[in-house]
Amino acid sequence: MTDTGAAFELAQVNISRLRFPLDSPELKDFVDALDPVNADAEAADGYRWRLQSEGGDATDIRVFDDDWLILNMTVWRDTDALTAYMYQGRHREMLARRREWFERVREAMTALWWVPAGHRPTVAEAEARLLHLRAHGPTPYAFTLRTSFPAQGAEPVSLAVPEDLGCSV
């Protein structure tokens, strides 16, 4: 699923429930890593865009009207570009430590979907995709890296994701 042409790009949202306040000593390593990890993403092949507030990240953007949830939303060329970034370097190191900083949640906290090239999704759009994934499982409307769909929404495509790093859905 490497080439989607110029017509579509891959949007992804992931949310996490904080175990501690963002300004707590327990989250210092996470907060300190935000700028370098975001810079790595912006330099990655296939990166298109990320949601950010005036502070340069999205930690103060509310999702699902919950102060304990933080949001990350990006757009990539395709699933290959997103996966290549996610499972290497500083981001991989952050994934390995996520249980220190975030609660373990059973419901889907990550969703992917195709958007027209140049479209920048809103928080409301991301919430709708996550809720759809939770209610219906992976579909062309909202899917996961483990069960993704081509931009045209045909048959699902399985993607190998390391067991210790992938999302639970």
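Analyst: The discussion below moves from the overall chain to the sheet, the helices and a few single residues.

Analyst: This is a predicted model, in which local features need pLDDT of at least 70 and side-chain atom pairs count only at pLDDT 80 or more, while totals for chains, interfaces and linings use all residues. Residues are numbered from 1 along each chain as its sequence is written, and side-chain values use heavy atoms, with hydrogens and water left out.

User: How many helices and strands are in the chain?

Analyst: Helices (H or I, at least four residues) and strands (E, at least two) are DSSP runs, numbered from the N terminus. Here the chain has 5 helices and 6 strands. Along the sequence they follow the pattern β-α-β-β-α-α-α-β-α-β-β.

User: What percentage of the residues in the chain is buried?

Analyst: A residue is buried under 20% relative accessible area, exposed over 50%, and partly exposed in between (1.4 Å probe, protein chains only). Of the 169 residues in the chain, 46% are buried. Contact means heavy atoms within 4.5 Å. Among the contacts with a separation of 6 or more, 72% come from residues 24 or more positions apart.

User: What is the order of the strands in the open sheet?

Analyst: Two strands pair if DSSP finds at least two bridges between them. The open sheet has 4 strands in the order β2-β3-β1-β4, and the pairing is antiparallel. Its edge strands are β2 and β4, each of which pairs on one side only. Axes are lines fitted to C-alpha atoms, for helices over the stretch in contact, and angles run from 0 to 180 degrees between N-to-C directions. With direction ignored, neighbouring strands of this sheet are turned by 25 degrees against each other on average.

User: Which residues stand opposite each other where β3 pairs?

Analyst: In a regular strand the side chains alternate between the two faces of the sheet. β1 and β3 pair in the antiparallel sense over 8 bridges, and Ala11 stands opposite Val75 in β3. Strand β2 (residues 47-50) also runs antiparallel to β3, joined to β3 by 3 bridges; there, Tyr47 has Trp76 of β3 as its bridge partner. In β3, 7 of the 8 residues are buried.

User: How do α1 and α3 cross?

Analyst: Two packed helices are described by the angle between their axes and the distance between the axes. For helix α1 (residues 28-43) and helix α3 (residues 89-96), the axes come within 9 Å and cross at roughly 145 degrees. A crossing is left-handed if the near helix is turned anticlockwise from the far one by less than a right angle, and right-handed if clockwise. The crossing of α1 and α3 is left-handed. Phe30, Ala33, Pro36, Val37 and Asp40 of α1 meet Arg90, His91 and Met94 of α3. This contact has 5 nonpolar, 1 polar and 2 charged residues, where Ala, Val, Leu, Ile, Met, Phe, Trp, Tyr, Cys and Pro count as nonpolar, Asp, Glu, Lys and Arg as charged, and the others, Gly among them, as polar. α1 also lies across β2 and β3, running at about 140 degrees to β2.

User: Is Ser148 buried or exposed?

Analyst: Ser148, in strand β5 (residues 147-148), counts as buried because its relative accessible area is 2%. The C-alpha atoms of Ser148 and Thr79 are separated by 8.3 Å, although these residues are 69 residues apart along the chain.
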